[in-house]
There are 2 protein chains.
Amino acid sequence: MAEEIVKRRRGGGRAGNAARRGQSGAIEQMPWRLPVNTDRPTEPLNADGVQRIHEGSMRILEEIGIEFYNAEAREILKQAGCIVDGDNIRFGRDFIMEMISKAPSSWTLTPRNAARQITLGDNHILFGNVSSPPNYWDMALGRKVTGTREMCANLLKLSQYFNCIHFVGGYPVEPQDIHASIRHLDVLYDKLTLTDKVAHTYSLGAERVEDAMEMVRLSGGWSEEEFEASPKLYTNINSTSPLKHDEPMMDGWMRMARRNQGLVVTPFTLAGAMAPVTMSGAVAQSLAEGLCAVALAQYIRPGASCAIGTFTSNVDMKSGAPAFGTPEYMRATQMTGQMARFYGLPMRASGVCAANVPDGQAMWETSNSLWSAVQSGANMVYHAAGWLEGGLIASPEKFVMDCEVIQMIQRYMEPEICATGEDEIAIDAIKDVGSEGHFFGIQHTQDRYATAFYQPIASDWRNYEAWEAAGSVWTPERAHQIYRDILADFEAPAMDDAARGALMEFVARRKEEGGAPTDF
Amino acid sequence: MAEEIVKRRRGGGRAGNAARRGQSGAIEQMPWRLPVNTDRPTEPLNADGVQRIHEGSMRILEEIGIEFYNAEAREILKQAGCIVDGDNIRFGRDFIMEMISKAPSSWTLTPRNAARQITLGDNHILFGNVSSPPNYWDMALGRKVTGTREMCANLLKLSQYFNCIHFVGGYPVEPQDIHASIRHLDVLYDKLTLTDKVAHTYSLGAERVEDAMEMVRLSGGWSEEEFEASPKLYTNINSTSPLKHDEPMMDGWMRMARRNQGLVVTPFTLAGAMAPVTMSGAVAQSLAEGLCAVALAQYIRPGASCAIGTFTSNVDMKSGAPAFGTPEYMRATQMTGQMARFYGLPMRASGVCAANVPDGQAMWETSNSLWSAVQSGANMVYHAAGWLEGGLIASPEKFVMDCEVIQMIQRYMEPEICATGEDEIAIDAIKDVGSEGHFFGIQHTQDRYATAFYQPIASDWRNYEAWEAAGSVWTPERAHQIYRDILADFEAPAMDDAARGALMEFVARRKEEGGAPTDF
């Protein structure tokens, strides 16, 4: 024990499990896999409730309509027979349902490393890093600071390192030291070279989306035909609730649809602010905003790979501040899961919290949101690692802590935990041990102990005295050390020299051309 | 905002929600209620798996048997036709199943305040305080100390104060400044005067159990007949896994059965240590140990009020340390829930963690365990507030933090969150707001905002800047201030003078008599 404590102290206070296990990496983690959620979803709505929310959603589309601030989209939808009145578009439910029926219930995304291909749907539950906070917080800084390219790269490295992170969302922190006109070029270059997982593009104008598609295509060395044969990257658009789709997001949505890339639409319907104070109303509105975008994509390209996201939460009615991981958030996520199955579409949920620092509140809110993603049958969990302050802060400590929870969820999904074969019921072992012995040393245990149980990365399971002797290190400090160890050891994934060269060349050329417009 | 911050700073840094709401108590909390769990349980076993675990459990009872270190229990079970060989008793499955069929699927516990009556079963999920840690930790101490009567009383006050705590378990911390011979008298006196909720007795010898029953009887001013007409307190016994029931626990179990009091049996089957390394084997063993105690109680008093508990977790196979709130723990809890429904018995689960301090790890482990209690359909959740270090530490900060999670679970159970009436779908409100407005000020929101959403007690939902301006207070520090405010404001519940006098007299007399023996 004494030796172990010394080893751990040298290690700077982290949990020390890796050292105990003799693994060479910064930590021992679970292997890459695409977890399958075998739990029957939690369904707070009965069949009637599903019909009522559907009816509400259809009535919003038919009677109230959605504003589309994109002329091309309005033109297309007019051709499709929708009722266009200025920016407002009303949709018949027959059109919506016919279009939605063309959408696949599951689809793949293939990054440059084919081994990292993911499938959205088919009961998979997949996790992505935090995306889009303007700010960064870490224990060493001890304060909130503006995001930089280096911080962004650090979080990209964590996204690559953790096998439980399946796709890389938007900018894990907004690198505000890069001019907005070329930010997408630098971050996407970093993302495509520091990670080999599925990438994302913001739908922020034609140039950014086209640049992203081209860079992803170059990263994989794909021809145009190969690129378009199946989705290689995805975008996530947010409607501007209530009831609006803005110009650049719709532009990106349509561009991506035409080229057969992944499409996720996630209304941000905060109940009591941008949506009704009642959760079923907020869900109905969210669905209306999402379904019309899916219908548009299907009209442009039947069979386009679409998913609907939920970001329905509530505000603090005393202050108007958004709240996350609340009971209402959990139920809204579960209700949206029921509706996604009703419409036959893959679903996106999130790992979120309102907490400002990676403390107890952060983890109960995040646990609530992640478990509600499990309970809802969500296929894609955004912001699952690293999110603080309602998405305004990205934190590497929180990233590590969240990965512990995500790994536990992955382990929880493994059916062997609940195996009930003769070897697992283990009558012979129970008989052999009898009432006097214990199970530590017996063969039945020896044969299984190495893989029998989840092994933590940031949790410290030692007793108080051992924990105290090792420096009384609380969870965020342990997570801090783990993230520094990971960065210190980090090796970028292998990449074809030609592909890297093509990317560098593309970025250089586009920078010379001035990048993307920044006037919206 | 400035004024609010000043107010909050004066408040010492706690979340300040109560102040904002203008409530007089230390915090604003949800009212007392008995939550009903309407979620369909998560069931990792198919019908075959349930049968296999049942078969395993029956084979343990039939072929291996359980040691009963209590001569009276052996004699009774011999009369009942069980095969007694020294301390070992083997049970036929017909006997076990016949006895179990006599046990009610739900039963009540009535404390001195009838308004605090609880029902175990009928889809209720009820929560109790941490029980039995020898040690105490709080932020002001900053270290682990031996429990005292004062610390114990503090936690009893919290147990009374929080409406989300439905019953008061064992000693919330073991008061080691009271001699063991009279400890039960002092703590039960404190419990019965500081709280008016359902109380518990340890089964630690005839004298303690008889004293506890008498004190509870006196607290309610009940006649012997009234006391025995329905359960007024309960005991929880643990088998000594593997496969043993000890002398004093069995004694208490039988005494309580004869007098129609509540009976909970909870084997402590740590997979890989006191039970097979495979979770279904550990569950089968736990059930065998529990079911034979239930059968004994039913033989003594058909219809006795019994519940089976689960405490099946796993050890860290690298160190042998117990782990809690793990994926394996969650699945074992869910599997036990399926088996409890198979046997028609109410079920007890727990809120547990291995963490040493109330940090992120504490909350992800506790969240995992509490949500698995929900998912398993557990009726009684022990240790749900205040537990640290695998049950070796009680912490008032953790108590407050856990109550936040428990309150969220209670709110999550409220069916109105998912109501889908016309008013909730809110088409008219959506139409009125249209695409340009927001929902803050409208009548639909005004009519509902006060009760629409969960209001937190320890969570701080303000943005980083406001949180920083108020002193950058992390969750455990906020919880510390809340618990001190609660204790400062605490008023003991009303109590009949005669009942209090009778209790004082009883305690004085029993102390004069020397209390209970301490030689086991």
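How many salt bridges are there between chain B and chain A? The count is eight, where a salt bridge is a side-chain nitrogen of Lys or Arg within 4 Å of a carboxyl oxygen of Asp or Glu. Before you start selecting, note that this is a predicted model, in which local features need pLDDT of at least 70, side-chain atom pairs count only at pLDDT 80 or more, and totals for chains, interfaces and linings use all residues. Residues are numbered from 1 along each chain as its sequence is written, chains are lettered from A and ligands numbered from 1 in the order in which they are written, and side-chain values use heavy atoms, with hydrogens and water left out.

**Stop 1: the interface**

Color the two chains separately. You will find 124 residues of chain B in contact (heavy atoms within 4.5 Å) with 123 residues of chain A. Between them the chains bury about 10,200 Å², 64% of it on carbon and sulfur atoms; buried area is the accessible area (1.4 Å probe) that two parts lose on being put together, summed over both. Now select Trp364(B), Phe453(B) and Trp461(B): in chain B they lose the most area to chain A, together 9% of what that side buries.

Next, display Glu328(A) and Arg411(B), which form a salt bridge with their closest N and O atoms 2.6 Å apart. Then select helix α13 of chain B, residues 360-376, which supplies nine residues, the largest share of the side that touches chain A. Helices here are DSSP runs (H or I, at least four residues), as are strands (E, at least two), numbered from the N terminus. That side of chain B divides into 60 nonpolar, 34 polar and 30 charged residues. In this grouping, Ala, Val, Leu, Ile, Met, Phe, Trp, Tyr, Cys and Pro are nonpolar, Asp, Glu, Lys and Arg are charged, and the others, Gly among them, are polar.

**Stop 2: a bridge from chain to chain**

Select Glu465(B) and Lys144(A), whose side chains meet in a salt bridge at 2.9 Å, N to O. Glu465(B) sits in helix α19 of chain B and Lys144(A) in strand β8 (residues 144-146) of chain A, so this pair joins two chains. Buried means under 20% relative accessible area, exposed over 50%, and partly exposed in between (1.4 Å probe, protein chains only).

**Stop 3: bridges inside chain B**

Go to Asp190(B) and Arg149(B), a salt bridge with closest N and O atoms 2.8 Å apart. The pair links distant parts of the chain, 41 residues apart: Asp190(B) is in helix α7 (residues 180-194) and Arg149(B) in helix α6 (residues 149-161). Asp190(B) is buried, at 9%, and Arg149(B) is partly exposed, at 27%.

Now pick Arg217(B) and Glu224(B), bridged at 3.2 Å between their closest N and O atoms. Arg217(B) is buried, at 14%, and Glu224(B) is partly exposed, at 34%.

**Stop 4: over to chain A**

Select Glu210(A), Glu214(A), Arg217(A), Glu224(A), Glu228(A), Asp251(A), Arg255(A) and Arg259(A) together to see a network of salt bridges. Finish on helix α7 of chain A, residues 180-194, where 14 of the 15 residues are buried.
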